[in-house]
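Here is a quick tour of a protein chain, written for someone who would rather look at the model than read tables. Keep the structure open while you go through it.

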Amino acid sequence: MKNPSEANRPGWFGPFGGCFVPETLIEPLRALETAYDAARRDPKFHAELRHELATFVGRPTPLTFAGRLSAALGLRVWLKREDLTHTGAHKINNTVGQVLLARRMGKRRVIAETGAGQHGVATAAAAARAGLPCVVYMGTEDMARQAPNVARMRMMGATVAAVDAGSRTLKDATSEALRAWSADSRETFYVLGSALGPHPYPTMVRDFQTVIGVEARAQILKEEKRLPREIIACVGGGSNAMGIFTAFLKDKAVALTGVEAGGTGPGPGRHAARFAGGYPGVLHGTYTYLLQDKDGQVLPTHSISAGLDYPAVGPEHAELRRMGRARYVQASDKDALAAAHELCRLEGILPALESAHAIAYLIKEKKRFKKNGLIMVNLSGRGDKDLGTLCP
Ligand SMILES: *Cc1c(COP(=O)(O)O)cnc(C)c1O
């Protein structure tokens, strides 16, 4: 089924999206699109995916009522617990799906890019289970910042390929992974980590994450007999947000709010708020909101959470914003840190710093919401990986 944000051209969300890649990638992307189109219509593929999600990933994840946080804010807050999935974040929903597709296509190895290492770990886990060799491209700056995830990937048999170019972070790792794919696309499957990149990735990744919202919609109806007034999710590339938003797009009374990384302030290089500080351009194969200078050179970004620290946003979010179907706001580093501590103290849940941005917005803007209003927050991941930042 199509989202209202999808134009009739596959891969386009209004004016956003598309497939802006060098010629060498056109053929592999077409092959991927064809294979994915066949898989998504094949009940056997869905049965296999459902089985993996249930027995390996740990789905369905619970919807938890946050009683003490609710009382403190004068709201009714429910948390969708993606932090409880295997490997600790929603990323695994997508990597399990893409690795099944890689096997179906007869590929002999998988590659991936990673920033914080969450997508790298989720890809390494899915690849190990499928018996496929795995190479994960990672900036050397991120390897130093996220050493435990480097160790996890290696334990699962993945090779971590150090990228020592540019800012040595996710943007550079993604460029390197795309280059490696175009050098050997016949044998290699590229497992992309967010609702980003050239067509068909934004559609495919969103589809694999849609399970979050499908579960959450049924769970909230069972618990509250009504839909929430608002759903809040953090937005890096935008996959956990698309994952929870999609099942509610047609419910016009449900407000959808994406929270970007406000970092340390509005200046260039101090945040990753693409909608506040960016304008449309092309990065990594897709036309979308991008932090860039007046010549179109990509600007440096900053966020306390590595998972939100990327200069472009998924193209479907750009269209949801243009249509007025979703709103995009920001939370600062400082507020996200405080929110993580608050959720630990009140609910006994340690959120990832990425997810803490969604909680931070809720706390800061509590007056915006109707008293006792029903709110759902997507808790995209757990914060064990962030302990070094949370308790220095
Ligand atoms: C990677 C990550 C994000 C950001 O990615 P999206 O594609 O925007 O979801 C958010 N939360 C966690 C826990 C992550 O690991």
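## Starting with a tyrosine

In which strand is Tyr-137 found? Tyr-137 sits in strand E6, residues 134–139. Helices here are DSSP runs of H or I with at least four residues, strands are runs of E with at least two, and both are numbered from the N terminus.

A word on the ground rules: this is a predicted model, so local features need pLDDT of at least 70 and side-chain atom pairs count only at pLDDT 80 or more, while totals for chains, interfaces and linings use all residues. Residues are numbered from 1 along each chain as its sequence is written, and side-chain values use heavy atoms, with hydrogens and water left out.

Back to Tyr-137: it counts as buried because its relative accessibility is 12%. (Buried means under 20% relative accessible area, exposed over 50%, and partly exposed in between, with a 1.4 Å probe and protein chains only.) Not counting residues up to four places away in sequence, Tyr-137 touches Ile-111, Ala-112, Glu-113, Thr-114, Ala-161, Val-163, Ala-173, Glu-176, Ala-177 and Ala-180. Contact here means heavy atoms within 4.5 Å. Take Ala-161 from that list: 24 residues from Tyr-137 in sequence, its C-alpha is 4.8 Å from that of Tyr-137.

## The whole chain

Zooming out, the protein has 16 helices and 14 strands. Along the principal axes, the C-alpha trace spans about 55 × 45 × 40 Å.

Of the 392 residues, 60% count as buried. Look at contacts between residues at least 6 apart in sequence, and 73% of them join residues at least 24 apart. The protein exposes about 15,400 Å², with carbon and sulfur atoms supplying 53% of it; the area comes from the Shrake-Rupley method with a 1.4 Å probe.

As for charge, there are 51 positive and 38 negative charges, and their mean positions are 6 Å apart. Lys and Arg count as positive, Asp and Glu as negative, and His and the chain ends are not counted.

## A covered helix

Now find helix H9, residues 201–209, which is mostly covered: eight of its nine residues are buried. Tyr-201, Pro-202, Thr-203, Met-204, Val-205, Arg-206, Phe-208 and Gln-209 are the buried ones. Gln-209 counts as buried with a relative accessibility of 0%. Setting aside neighbours within four places in sequence, Gln-209 contacts His-90, Lys-91, Asn-93, Asn-94, Ser-239 and Gly-243.

Ala-183 counts as exposed, at 68% relative accessibility. The C-alpha atoms of Ala-183 and Thr-24 are separated by 8.3 Å, although the two residues are 159 apart along the chain.

## Aromatic rings

The model has 12 aromatic pairs. Rings of Phe, Tyr and Trp (its six-membered ring) pair if their centres lie within 6.5 Å; planes under 30 degrees apart count as stacked, over 60 as edge-to-face and the rest as tilted. Phe-45 and Phe-208 make a tilted pair, 6.4 Å centre to centre with 45° between the planes. This pair links distant parts of the chain, with Phe-45 in helix H2 (residues 43–57) and Phe-208 in helix H9, 163 residues apart. Both Phe-45 and Phe-208 are buried.

Elsewhere, Phe-16, Phe-275, Tyr-287, Tyr-289 and Tyr-328 form one aromatic cluster.

Most residues other than glycine have a negative phi, and most peptide bonds are trans.

On the phi side, His-284 has a positive value near 45°. His-284 lies in the loop between strand E11 (279–283) and strand E12 (286–290), and is buried, with a relative accessible area of 12%. Asn-372 has a positive phi of about 60° and lies in the loop between helix H15 (353–364) and strand E14 (374–379). Asn-372 counts as partly exposed, at 44% relative accessibility.

Terms used
Charge placed at Lys NZ, Arg CZ, Asp CG, Glu CD.
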